[in-house]
Amino acid sequence: MLDYERWRKNLVIIRGGGDIATGTIYKLFQCGFPMIVLEISNPSCIRRTISFCEAVFEHEVTVEGVKAQKVSSIQEAYESYQENIVPVMIDPEGRMIKELSPFVVIDAILAKKNLGTAMDNAPIVIGVGPGFSAGKDVHAVVETKRGHNLGRVIYDGEAAPNTGIPGVIAGYGKERVIHAPYEGILHIEKQIGDTVERGDVIATIDGKPVFATISGIVRGMLREGYHANQGLKMADIDPRLDEKENCHHISDKARCVAGGVLEAVLHLSREISQY
């Protein structure tokens, strides 16, 4: 374990703890990088069973054997590191970046736009997905669009623009993702991992039903009691009935993106060490 000063000197700060970010957090943690995850106070994550951002609500969560816990100070974050736990802190503005001067900043919020990340945040700054320009506001961008370039590291330019169309699984694309048809408070009728038929009521919003658009397994669902805005992505159905265990494992997409982030961190670290 690193002492406090070396921990700060080598620190990686990751903005965002959703399902795609969780793949990166998991991989970097397993590779021994000290880190802090920064989140907002009310993250809207549907793949809750495999997302470290759930620590905001549950205080502690475990994904594939790696534990994360909510912390409220730098000292608590360091203590979590000493206990081999990923610290998750509520810090939507990223104030810890300025306070801690980390070695690496990774923006994995996946907001489809840059919410304030800049190249001067750290010696290595990486943007995940569209909204960043390598060489201008970050040192590298990692592609998140499914296809041949998924996980590719871009050192000059941008990731592919967001199309708003989900990737196709077993012949289903946009049909498998459900957006809130109305605004209001969510009540869950079907839990993550449940099997549903097309037309089943999977949830209600202020008492009005939300129906399954296809048959399959509920892979993602917003939290009970979440205030959903109309149009917000609220659920995801996997048509593959034999893939239930996927509800509890990091996705192939998240692992591929994580590989790109790790590549970028190591490549840029080597470049820095040569000067």
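Me: Which residue forms a salt bridge with D252?
Reply: R146 does. The closest N and O atoms are 3.7 Å apart. Keep in mind that this is a predicted model.

Me: Where do D252 and R146 lie?
Reply: D252 lies in helix 6. R146 lies in the loop between strand 9 (140-142) and strand 10 (153-154). The pair therefore ties together parts that are 106 residues apart in sequence.

Me: Is D252 buried or exposed?
Reply: Exposed, with a relative accessible area of 53%. R146 counts as partly exposed, at 34%.

Me: How many salt bridges does a search of the whole structure find?
Reply: Nine. One of them joins R223 and E54, with the closest N and O atoms 2.5 Å apart.

Me: What does R255 pair with?
Reply: The side chain of R255 meets that of E64 in a salt bridge, 2.6 Å from N to O. R255 is in helix 6, and E64 is in the loop between strand 3 (60-63) and strand 4 (66-71). So this pair ties together parts that are 191 residues apart in sequence. R255 counts as partly exposed at 36%, and E64 counts as partly exposed at 27%.

Me: New topic, helix packing. At what angle do the axes of helix 2 and helix 6 cross?
Reply: Roughly 50 degrees, and the axes come within 8 Å. The two helices are therefore oblique to each other. Helix 2 passes helix 6 in a right-handed crossing.

Me: Which residues make the contact?
Reply: From helix 2, they include D19, I20, G23 and Y26. From helix 6, they include R255, V257, A258 and L262.

Me: Last one, E39. Which side chain of opposite charge is nearest?
Reply: R15, 9.1 Å away. E39 is buried yet has no salt bridge. E39 sits in strand 2 (residues 35-39). Among the residues E39 touches are G16, C53, V56, M89 and D91.

Note on methods
Residues numbered from 1 in each chain as written. Predicted model: local features only at pLDDT ≥ 70, side-chain atom pairs only at ≥ 80, totals over all residues. Heavy atoms only, no water. Helix = DSSP H or I, 4+ residues; strand = E, 2+ residues; numbered from the N terminus. Buried < 20%, exposed > 50% of the residue type's maximum accessible area, 1.4 Å probe, protein only. Lys, Arg positive; Asp, Glu negative; His and termini not counted. Salt bridge = Lys/Arg side-chain N within 4 Å of Asp/Glu carboxyl O. Contact = heavy atoms within 4.5 Å. Axes fitted to C-alpha atoms, helices over the stretch in contact; angles between N-to-C directions. Parallel < 35°, antiparallel > 145°, perpendicular 65-115°, else oblique. Left-handed = near helix turned anticlockwise from the far one by under 90°. Lists of a residue's contacts leave out its neighbours within four places in sequence.
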